[in-house]
Amino acid sequence: MSAAPAPTSIAPAVQVTGLTKRFGSFTAIDDVSLRIESGRIHGLLGRNGAGKTTLMQLITGQDFATQGDIRVFGEKPTENARVLQNICFIKESQRYPEDFQPKHVLRSAPWFFENWDADFAAQLVEEFRLPLNRRIKKLSRGQLSAVGVIVGLASRAPLTFFDEPYLGLDAVARQLFYDRLLEDFAEHPRTVVLSTHLIDEVSNLLERVVVIDQGRILMDEDADTLRTSATTVVGPRGAVEAFVRGREVLHRDGLGGLSSVTVAGIGPADRAEAAASGLELAPVSLQQLIVRKTGVREPDATETGIEQSA
Amino acid sequence: MTAAHPGIHPAPLGGRPAAPGARLWRVVRLNVVNKWTVIWIPAMIMFFIGLVNWLIWLIIWTASAPADRADAMEGTQWSGAAFYIFVYMLVVAIQIVSATFPFALGYSVTRRDFALGSGITFLLLAAGYAVGFTALSAIEEWTNGWGLGGHLFTSVYFADESIGGRLFMVFSAMLFFFAVGAFAAALFMRWRMNGILAAGAAFALLLVGTIALITFTQSWPAVGEWFVVSGPIGVTAWLLLPTVLAAVAGYAVLGRATPRS
């Protein structure tokens, strides 16, 4: 079963168009359009309450849209068994039956996920040191997260969602999750959506980055494009100011006579120019970039010197 | 985004769809994956209640004069000790809908499959408990009330019925409690506390209205007569009506229910 060929089509796994979800007067998802490509690892990033979980609930048919269209593998997901059997989505806030122990989860999961790999699941249980015979209610936050991570990985569903999978996991367990995800993804390519806060930790995993805030998509770009889309220029204040004049400045820091400015879009010619001016160029981490591009900058916009070049 | 033409991208699906029967059966298995909850714990409680009852009978037996013994034990036919099992099943149904349902959605089960699969679960559990209950009632008669003339499974409502009648009564009563529990939990899943409060209020008004109607038309004797004429089997048969109503309504309500996030 696990040898089944992965979908190789370039068709999107998920296509969302004009999606809106309201809870009473609160708009959780606001006219969102989005494509999730097959066979890639996507990061769904955003602050608490940005709408990440709601968006995933809508895509997986756990919730109903107020407006708009969702296609998963070309079909509507809600109440569609043919589509849903390809999806695994164990929420961070997943409710488990009162009397369940992890062993009940692992015993029942293979009935629902046809690609389930029991050996892999057993290996993960050992690696995450998950107690199988303890009531789920009594598990620590990290152990609870491990249950979701194990189901998400071992189910090998063609479309897998991880909702804040690392909550309460220690650094070792998080690294373990990233390693196992990458290894298994290489052997069994599938579409993965990872919602998280720890952007830098996962930035090497991500091929596509979607940033959501207050129910709207702020950014939807290839991770590589994003990583090279900004550079920090460090050097003597005067030289840095001369260099960044006319460019889009994302962030400005200064200490004494030194200045550190993050600017967008630096090409090879610019690099040469910077080198000639004796300036240092440093890459910007994905997390910093996202914070810079989406962060709350209105109140101190003048202070940090937001300039738009074009 | 030009997603107005979804047909352009026929994306591949991973594997063939599971057969409808298999999809329902795995919900049944999920509902009873922990056998302790649905079988062993209620059986153990039943055993314990039986034991305590038997010890009490023993006290009565020893304390009564030999001539009064049969008379004293006759009182145990009004026992409601076995009733707890029905309430227990009400709670099982509530838990299945309030906790297993959100969990099953995480396993990407459709609401329809979950509701139908849970319906089958309830039918099977009710049938199983009906057989067990009836078998115990037969043993009770065969051992002359567990050796002391006591009544636990052959209470007064039950004692005169045939084996078939007993099976029917336990089966129907248990289904009633499953359906009511599942319906109430479905209301909660769909509308949270408001749903429960509204349904509770509606039910209270309906009840008061019915009482008023019976009282004003001076029909209480007729009501009492109806119970006597219908007999335990007839009354139980009528219980199927609210059971079916609750089941159908529960199915409809759960069809648009969403788990808390």
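This is a predicted model: local features need pLDDT of at least 70, side-chain atom pairs count only at pLDDT 80 or more; totals for chains, interfaces and linings use all residues.
**View 1. Overall form of chain A.** Chain A comprises twelve helices and 13 strands. Its C-alpha atoms fill a box of roughly 65 × 40 × 40 Å along the principal axes. Of the 310 residues of chain A, 45% count as buried. Among the contacts of chain A between residues at least 6 apart in sequence, 69% join residues that are at least 24 apart.

**View 2. The contact between chain A and chain B.** The contact takes 47 residues from chain A and 38 residues from chain B. On the side of chain B that touches chain A, at least two residues each are supplied by α1 (20-31), α2 (35-63), α4 (84-106) and α5 (111-142). Helix α4(B) gives the most to this side, with seven residues. By residue class, this side of chain B divides into 19 nonpolar, twelve polar and seven charged residues.

**View 3. Packing of helix α3 of chain A with helix α1 of chain B.** Two packed helices are described by the angle between their axes and the distance between the axes. The axes of α3(A), residues 102-112, and α1(B) come within 10 Å and cross at roughly 175 degrees. An angle over 145 degrees counts as roughly antiparallel, and α3(A) and α1(B) are therefore roughly antiparallel to each other. Helix α3(A) makes the contact through Ser108(A), Trp111(A) and Phe112(A), and α1(B) through Arg26(B), Arg29(B) and Leu30(B). These residues divide into three nonpolar, one polar and two charged.

View 4. Val27(B) is placed in helix α1 of chain B. A residue is buried if 20 or more other C-beta atoms lie within 10 Å of its own; Val27(B) has 27 such atoms and is therefore buried. Leaving aside residues up to four places away in sequence, Val27(B) touches Ala104(B), Val109(B), Asp113(B), Phe114(B), Gly117(B) and Ser118(B). Gln77(B) is 50 residues apart from Val27(B) along the chain, and the C-alpha atoms of the two are separated by 39 Å.

View 5. At 1.5 Å a residue, the 32 residues of α5(B) should span 46 Å, and the end C-alpha atoms of α5(B) are 46 Å apart, which agrees. For α7(B), residues 163-216, a straight helix of 54 residues would span 80 Å, whereas the end C-alpha atoms of α7(B) span only 40 Å. Helix α7(B) bends by about 135 degrees at Trp191(B). Positive phi values occur after both helices: α5(B) is followed by Asn144(B), with phi near 55 degrees, and just after α7(B), Gln218(B) takes a phi of about 50 degrees.

**View 6. Two loop residues with positive phi.** Glu164(A) lies in the loop between β6 (159-163) and α6 (171-187) of chain A. Its phi is near 45 degrees, a positive value in a residue other than glycine. With 20 C-beta neighbours inside 10 Å, Glu164(A) counts as buried. In chain B, Ser108(B) is placed in the loop between α4 and α5. Phi of Ser108(B) is near 65 degrees, again a positive value in a residue other than glycine. Ser108(B) has 25 other C-beta atoms within 10 Å and is therefore buried.

Terms used. Residues are numbered from 1 along each chain as its sequence is written. Chains are lettered from A and ligands numbered from 1 in the order in which they are written. Helices (H or I, at least four residues) and strands (E, at least two) are DSSP runs, numbered from the N terminus. The expected span of a helix is 1.5 Å times one less than its number of residues. The bend at a residue is the angle between axes fitted to the seven residues ending there and the seven starting there. Two residues are in contact if their C-beta atoms, placed from the backbone, lie within 7 Å. Ala, Val, Leu, Ile, Met, Phe, Trp, Tyr, Cys and Pro count as nonpolar, Asp, Glu, Lys and Arg as charged, and the others, Gly among them, as polar. Axes are lines fitted to C-alpha atoms, for helices over the stretch in contact, and angles run from 0 to 180 degrees between N-to-C directions. Angles under 35 degrees count as roughly parallel, over 145 as roughly antiparallel, 65 to 115 as roughly perpendicular and the rest as oblique. A residue is buried if 20 or more other C-beta atoms lie within 10 Å of its own, exposed if 12 or fewer, and partly exposed in between; C-beta atoms are placed from the backbone.
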